[in-house]
There are 2 protein chains.
Amino acid sequence: MSFNFELLHQEKETAARVGKITTVHGEIETPIFMPVGTQATVKSMTPEELWEIGSQIILANTYHLYLRPGSKLIAEAGGLHEFMHWDGPILTDSGGFQVFSLSDLNEITEEGVYFRSHLDGSKHFISPEISMEIQRDLGSDIVMAFDECPPHPADYDYLAKSLEMTIRWAERCKKEMQDTEQALFGIVQGGVYRDLRKASVEALLDIGFPGYAIGGLSVGEKKEEMLEVLDFTVPVMPEDKPRYLMGVGTPEDLLEGVKRGIDMFDCVLPTRIARHGAVFTSHGRITVRNAEYARDFTPLDDECDCYVCQNYTRGYIRHLIKRNEILGARLTTYHNLYFLINLMEEMRDAIQRDRFMEFYRKFYQKYKI
Amino acid sequence: MSFNFELLHQEKETAARVGKITTVHGEIETPIFMPVGTQATVKSMTPEELWEIGSQIILANTYHLYLRPGSKLIAEAGGLHEFMHWDGPILTDSGGFQVFSLSDLNEITEEGVYFRSHLDGSKHFISPEISMEIQRDLGSDIVMAFDECPPHPADYDYLAKSLEMTIRWAERCKKEMQDTEQALFGIVQGGVYRDLRKASVEALLDIGFPGYAIGGLSVGEKKEEMLEVLDFTVPVMPEDKPRYLMGVGTPEDLLEGVKRGIDMFDCVLPTRIARHGAVFTSHGRITVRNAEYARDFTPLDDECDCYVCQNYTRGYIRHLIKRNEILGARLTTYHNLYFLINLMEEMRDAIQRDRFMEFYRKFYQKYKI
């Protein structure tokens, strides 16, 4: 068995839970935050630094890697692990989200999607089969099904129709991935509609996957809407399979997701805001790039024990960011990823002790949104 | 005694020599290449990585730090070592070279230089006394005298006059730095003229400094001219003091300089070309950014044992550089600095064994310029 999920502890008071995913490239303790390495690199970080901060799995983007440097080139290099010198687990998305959000979309057909590259306008076609082929070339441990990602807001009828095709696509993905050690996750769609989300889960369960993701959130809907979708979707998802909330999120989103029974998260937020000089602290987010920090010779977060907070000051990091120095982006990125990964570790610990809500309340007492 | 230079071995066949500099922040084996940390950061590198590759001393730029974030702010932070989290030796230049090359020069007077910042056009004045004050605020271990840096080519009469003022400025610098543990180096000027270089050395010797630099080279003159200047200048410099060739250079420049008795070098070249995707190898310089390396899954340099060459391929690094990924600049910078620092270590070893010319010939057999 190359892929396995074991539920280790179900918290008493909430839906929060601790589990363990086993992959060919190692184990992952859940709930987990996955740093995003869009172009076969978690921006500014070496793999050794990712290990150092406790990363257990990273994400890479099929769409970007298919376009540049090309998935065949990566296959020639021996796959993504070898290419990027990361020998831990990797999850690749299907390319769907980027095809629908980044590229010039030409046509969506039952067969697949015609689009033009956002880089050079070249014409491309991705189908469920082609997405699986690309992800096979990349050699990721967890592979995502190719789905249609409708824009938000989308009307009920459009979503219902889209959902049906996404289910047929999920079947085609599974068929393509029969003889592989890569674990294919299905993606629950259905916008903010309870019955569509439920129908989506049921149809995916009929096909059967080793894990299930919730897609189509964090795309512009209100925070309450997102939490409501989690409230009615997670309970109909199977207990014995990992649940992955795609593209989320902020420290507070991670707390809310874990509370509702989510096991896996990914988001570009911590690395993206880092490059603009914004960092998480125990007391909320600050923009260390601002003038008020020029003479602040304290750490980014006085409660953080990461390499950056042990060795550098806000004043120095502000100077680096203002001068566009690479080290500035390195230090803020390192700290932000550490902050989220450490937050997940603390949550896992609280869940194990059946103290999740105590942790949750203490977090919000300090952390100002 | 806070600063000391000990000549450990004079090679038999050439002027090459091995020595040891002692500073408050540690010892430096010479000949040495000093990575340049213009804005209180060696671009893309952490201090830990600088130690890892064998850096023994780094350079920082007075002009840049005076303008941003300000030398008073750095003094408030506890000095440059504390500010940037580097507790090894630091050499700061005087700001002279940048005032003359980067800023809008307004007026050169006996008192000092009026100029406008290249960043925002603001008006400034730097004199020998002010340069010393800035470098005191920075708290560097080795401080450079404030000199006029004439453009190349400059006519003999201009250079002769400039030299006289630079000597008077050197006296003023020394007067300012009487009561400090920082070691003030004098700078030999005189362009490509033998008698001016000799007069410059003699005048500086009369004042007396713990080390002497050769300035005004690598500013556009021909390579043969630079080597000729070294050929007639180094022999009139004292044996018992370190000799620093400013702003040089390439691997071949380091070889030629060491052969002629130079002890210290600095240059932005290895870090600057790295960010454009060019790297040193045992066989010469290559531009790994080029298309020919897209499918080259061998290390940057197959004879190099640095972290980058042990773990990454040309194809991956080319991908990173093409996509403007920070990790690309990190890996090429790390390798290039390692290459030069390791080259110096190999030269020190060859000198100790009185085998410098053997090493020199072997280097050029492989390394194509």
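This is a predicted model: local features need pLDDT of at least 70, side-chain atom pairs count only at pLDDT 80 or more; totals for chains, interfaces and linings use all residues.
Residues are numbered from 1 along each chain as its sequence is written, chains are lettered from A and ligands numbered from 1 in the order in which they are written, and side-chain values rest on heavy atoms, with hydrogens and water left out.

The same surface serves both copies, as 100% of the contact residues of chain B recur in chain A, where contact means heavy atoms within 4.5 Å.

Within chain A, the domain assignment, which is of an automatic or database kind, gives domain 1 (4-266) and domain 2 (267-368). The centres of domain 1 and domain 2 of chain A, taken over C-alpha atoms, are separated by 26 Å, and 41 residues of domain 1 are in contact with 33 residues of domain 2.

The largest nonpolar core has 205 residues; such a core is a set of buried Ala, Val, Leu, Ile, Met, Phe, Trp, Tyr and Cys residues joined through side-chain atoms within 4.5 Å. Buried here means under 20% relative accessible area, exposed over 50%, and partly exposed in between, with a 1.4 Å probe and protein chains only. The residues with the most contacts inside this core are A:Leu80 and B:Leu80. When residues up to four places away in sequence are not counted, A:Leu80 touches residues including A:Ala40, A:Ile74, A:Ile90 and A:Leu138.

Helices (H or I, at least four residues) and strands (E, at least two) are DSSP runs, numbered from the N terminus. Helix 10 (residues 251-259) of chain A is mostly covered, with eight of its nine residues buried, among them A:Pro251, A:Asp253, A:Leu254 and A:Val258. These buried residues pack against several elements of chain A, including strand 15, helix 14 (326-352) and helix 15 (356-366). Just after helix 10 of chain A, A:Gly261 takes a positive phi of about 100°.

Strand 15 (residues 278-281) of chain A has A:Ala278 and A:Phe280 pointing one way and A:Val279 and A:Thr281 the other way, and all are buried. In a regular strand, side chains alternate between the two faces of the sheet. Strand 15 of chain A runs antiparallel to strand 16 (residues 284-287) of chain A, to which four bridges join it, and A:Val279 has A:Ile286 as its bridge partner. The two strands form a hairpin with two residues between them.

An open sheet of three strands in chain A has the order 7-8-9 with antiparallel pairing, two strands being paired if DSSP finds at least two bridges between them. Strand 7 (104-108) and strand 9 (123-126) of chain A stand at the edges with a single partner strand each, so one side of each is left without a neighbour in the sheet. Strand 7 pairs with strand 8 (residues 113-116) of chain A over four bridges, and A:Asp104 has A:Arg116 as its bridge partner in strand 8.
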